[in-house]
Amino acid sequence: MSVKEERTVTVQDILEDEELQEAYAVLAGSDPDNCSYPQGYVKRQAVFACNTCTPRGVEPAGLCLACTNHCHDGHDIFELYTKRNFRCDCGNSKFGVFRCQLSPGKDRQNAKNHYNHNFHGCYCTCDRPYPDTEDQVNEDMIQCIICEDWYHPRHLGCTVEDSEELQEMVCETCMNKAPFLWTYSTHIAEPPVVKVSPCKGEVEVNKEEDKEPEDKRSDEPCKNGGEGSSTSPSCQEKNEATNGRTACKRTHQEMTGLPVKSQDKTVYCRLRELKTRGLERAREGAVFWPYHWRAKLCTCVSCKRAYVDAGVQFLLDESDTVLAYENRGTVEQGPASLDSLLMSSLSTLDRVQQLEIVYQFNEMQTELMTFLRQIADEGKVVTAEAIHQFFGELMSRKRRQMNS
């Protein structure tokens with residue numbers, strides 16, 4: 001292993017730490033002092049699991065941020081990032097005689113909560129913990145926006161492209177549970193898809209194609225009498241101008257088999273229009289989507305029913321995303337951002353105390369670098385146990401210094 005060159009740590013270095021910023025963004029949208037249970041099933045919140053109270057082998061349970069801080073302080077906690085439509089379980093029947101200190105009057109069960117193996121500290125199709133001391137690859141995991149499980153990139157069944165643009169991921173299992181998403185993935189998902197058209201051989205999907213005006217896109221199918229083209233505005237206008245019924249003129253009842261309230265109103269289905277293009281994508285591997293892709297999903301009555309049947313109706317809610325949750329938390333906190341929070345805490349100290357804090361950080365870094373250099377010189381591998389031992393001994397020394 002290599003050891004980075006030692007340097008002095010400043011308060012600004014701490015403020016700019018990416019992991020610290022990310023952790024703050026996740027927690028900023030949740031209340032650290034009041035149990036979320038009285039709010040019902042919260043659209044999105046930070047959720048935790050207690051391995052001390054609900055270990056593997058018993059029913060899984062989830063905790064809100066406040067209960068994690070107040071009721072389970074000192075316990076073995078799994079951080080689950082955020083969960084959708086979840087209600088805090090702390091102190092219900094899953095915890096035996098244990099009662100919640102913040103909101104004790106809870107129902108025995110939260111029937112609408114969804115659980116997976118994350119609540120017992122396991123992730124991905126490999127059902128391994130994170131961090132995994134036995135995993136030599138040591139790669140960051142990616143969360144599926146539908147099942148909300150976390151996956152190793154090497155287990156997603158596809159090539160994961162590095163991109164500066166934030167993206168949402170849907171695993172292959174969830175794609176197959178909502179198969180209409182495969183059609184959208186051909187035209188919207190990243191990267192561009194190259195597949196086979198029934199009559200033209202290989203066709204490369206142009207990402208700009210999806211941005212054409214709807215009347216222009218529907219013009220060609222209308223001339224050819226393509227299926228579903230009678231719902232486009234341009235096709236309607238041409239048929240009305242001829243005051244007759246052509247090959248492309250079909251009623252809503254003929255297309256869906258359902259009665260209509262008014263013959264003057266037609267329903268445009270974006271999904272049906274995309275299917276007429278004859279492009280397909282191999283139905284394998286996870287799919288990565290650019291942010292704001294949800295705005296391109298069809299919202300006709302038929303498609304809305306399909307979302308509900310597949311249990312993914314939340315895809316139509318752009319405020320459901322993790323990014324929206326993090327942004328909302330940052331806005332709600334206002335001036336209490338991570339930087340201002342830490343700096344305001346430091347401002348309450350005098351100059352000597354501020355310098356002492358910086359000195360303590362520098363001292364810890366020096367000791368850590370010495371420890372790592374010693375392991376490197378001995379040709380050993382840095383393990384999680386060794387790191388825990390280092391910080392345990394460091395804290396013991398600090399306690400002895402304080403006691404003396």
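**Notes on an enclosed helix**

1. All eight of the eight residues of helix α5 (residues 180-187) are buried, so this helix is largely enclosed by the rest of the structure. Buried here means under 20% relative accessible area, with a 1.4 Å probe and protein chains only, while helices (H or I, at least four residues) and strands (E, at least two) are DSSP runs, numbered from the N terminus.

2. The model is predicted, so local features need pLDDT of at least 70 and side-chain atom pairs count only at pLDDT 80 or more, whereas totals for chains, interfaces and linings use all residues. Residues are numbered from 1 along each chain as its sequence is written, and side-chain values use heavy atoms, with hydrogens and water left out.

3. The buried residues of α5 include Phe180, Trp182, Tyr184 and His187. Those buried residues pack against α4 (172-177), α10 (270-275), β8 (287-290) and α11 (301-310), where contact means heavy atoms within 4.5 Å.

4. Leu274 is found in helix α10, and with 0% relative accessibility it counts as buried. Between Leu274 and His187 there are 7.9 Å in space, C-alpha to C-alpha, although the two are 87 residues apart in sequence.

5. For the chain as a whole, there are 15 helices and eight strands, and 38% of the 404 residues count as buried. Among contacts between residues at least 6 apart in sequence, 68% join residues at least 24 apart.

6. The accessible surface of the chain comes to about 23800 Å², of which 51% belongs to carbon and sulfur atoms; such areas come from the Shrake-Rupley method with a 1.4 Å probe, and for residues only the protein chains shown count as cover.

Technical notes. Buried means under 20% relative accessible area, exposed over 50%, partly exposed in between (1.4 Å probe, protein chains only).
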